[in-house]
Amino acid sequence: MSGAQSRLSPLLKFLPKKIQSQLDKPVVSVLRLQGTISAQKSKKYINLENTRKQIDKAFSSKKLASVLVSVNSPGGSPVQSDLVTSYIQMKASKHNVPVAVFVEDMAASGGYWLACAGSEIFASRSSILGSLGVIYFNVGIQELIQKLGVERRVITAGDNKALMDPMSPMKEGDVKIIKTMLENTHKHFVDHVKKNRGDRLTGSDDELFNGGVWTGEPALELGLIDGIEHMDDYIQKKFGDKVKVNRIKSPGSAIAEALGASLPVQVEQDFIKSQLESFGKLKI
């Protein structure tokens with residue numbers, strides 16, 4: 001107990017019993033991670049800099065019993081997925097507080113990477129989980145620019161500097177380099193899932209890590225989640241009414257709620273936009 005708390009504790013008995021009971025309740029923090037995972041500065045994206053303060057706040061409550069993370073993401077940057085997950089797990093270890101994750105509409109690809117931040121993962125029956133693979137894509141428009149009479153001029157120092165140039169024919173060497181990057185990132189993803197799910201995984205590597213997706217019940221059979229459970233039901237079963245729920249607000253969430261923004265629609269729109277912005281980038 002801190003010095004300030006010890007000085008105040010004798011005075012607590014003079015407070016109304018209702019207030020005393022509120023002060024004595026354990027605290028459960030609820031953290032929401034929703035949207036595409038990207039290093040872009042916009043607050044609507046999930047990345048470490050956008051979520052750091054929310055995560056800190058989630059773990060800052062006195063009498064903290066648990067942190068519950070609500071995930072709703074189609075994926076995105078593998079690096080930001082790793083950074084956010086590692087930060088949550090570091091805070092959980094430092095404060096010796098368990099973390100449970102609840103999947104809303106989806107935890108696909110990088111979204112499932114985030115879900116593995118929890119010692120337990122729960123989902124709804126219709127949640128979409130999986131897509132445990134890595135993808136790279138761009139477009140080739142060399143024939144189009146030829147038809148338009150456009151001459152492509154590229155000068156490089158370094159044989160691979162113009163890697164996967166969309167205005168030049170695809171090169172076998174470029175494909176080899178990209179495939180190596182994909183395989184390395186995929187191995188990191190697989191290692192992360194296996195480390196956090198352990199012997200709860202029941203599917204083979206070929207079954208689990210081929211990029212396929214599942215709804216809640218098949219994901220449970222494969223060991224990707226621990227149960228079909230909604231967060232509010234979980235809180236009620238585990239803590240009853242004797243708990244204070246601290247719901248961490250994300251930046252701009254109050255405005256979005258006031259304007260009646262639809263999360264599933266916004267996630268879908270952000271996902272489509274991120275796809276258009278991600279030509280030539282690795283994504284999970």
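Two strands pair if DSSP finds at least two bridges between them. By that rule, β1 and β2 pair here in the parallel sense, over eight bridges. This is a predicted model, so to speak of local features takes pLDDT of at least 70, side-chain atom pairs count only at pLDDT 80 or more, and totals for chains, interfaces and linings use all residues. Residues are numbered from 1 along each chain as its sequence is written, and side-chain values use heavy atoms, with hydrogens and water left out.

**Overall picture**

- The protein's secondary structure comes to twelve helices and ten strands; helices (H or I, at least four residues) and strands (E, at least two) are DSSP runs, numbered from the N terminus.
- Of the 284 residues, 40% count as buried, where buried means under 20% relative accessible area, exposed over 50% and partly exposed in between (1.4 Å probe, protein chains only).
- Take the contacts (heavy atoms within 4.5 Å) between residues at least 6 apart in sequence: 73% of them join residues at least 24 apart.

- Valine 27 stands opposite leucine 64 in β2.
- Strand β2 (residues 64–73) is mostly covered, with nine of its ten residues buried.

**Aromatic pairs**

- Rings of Phe, Tyr and Trp (its six-membered ring) pair if their centres lie within 6.5 Å; planes under 30 degrees apart count as stacked, over 60 as edge-to-face and the rest as tilted.
- That rule gives four aromatic pairs.
- One of them is stacked, because the rings of phenylalanine 102 and phenylalanine 122 have centres 5.2 Å apart and planes at 20°.
- Phenylalanine 102 lies in strand β3 (residues 99–108) and phenylalanine 122 in strand β4 (residues 120–123), so this pair ties together parts that are 20 residues apart in sequence.
- Phenylalanine 102 counts as buried at 3% relative accessibility, and phenylalanine 122 does too at 7%.
- Phenylalanine 102 also makes an edge-to-face pair with tyrosine 234, at 5.1 Å centre to centre and 70° between the planes.
- Tyrosine 234 sits in helix α10 (residues 231–239) and phenylalanine 102 in β3, so here the parts tied together are 132 residues apart in sequence.
- Put together, Phe102, Phe122 and Tyr234 form one aromatic cluster.

**Helix α4**

- The 18 residues of α4 (residues 78–95) should span 26 Å at 1.5 Å a residue, and the end C-alpha atoms are 26 Å apart, which agrees; the expected span is 1.5 Å times one less than the number of residues.
- Buried residues in α4 include Val84, Tyr87, Ile88 and Lys91.
- The buried residues of this helix pack against β1 (27–34), α3 (48–58), β3, α5 (110–115), α7 (172–197) and β10 (282–283).
- The charged end of arginine 52 sits over the ring of tyrosine 87, 5.2 Å from its centre; the test is NZ of Lys or CZ of Arg within 6 Å of the ring centre and within 35 degrees of the ring normal.
- At the start of α4, a side-chain oxygen of serine 77 comes within 3.3 Å of the backbone nitrogen of valine 79.
- Just after α4, asparagine 96 takes a positive phi of about 55°.

**Two serines with positive phi**

- Serine 109, although not a glycine, has a positive phi of about 55°; its place is the loop between β3 and α5, and it is buried, with a relative accessible area of 4%.
- Serine 131 is not a glycine either and has a positive phi of about 55°; this residue is in the loop between β5 (128–130) and β6 (135–136), and it counts as partly exposed at 23% relative accessibility.

Notes:
A polar contact is a pair of N or O atoms within 3.5 Å; within protein, one must be able to donate a hydrogen and the other to accept it, and residues adjacent in sequence count only if both atoms are side-chain atoms.
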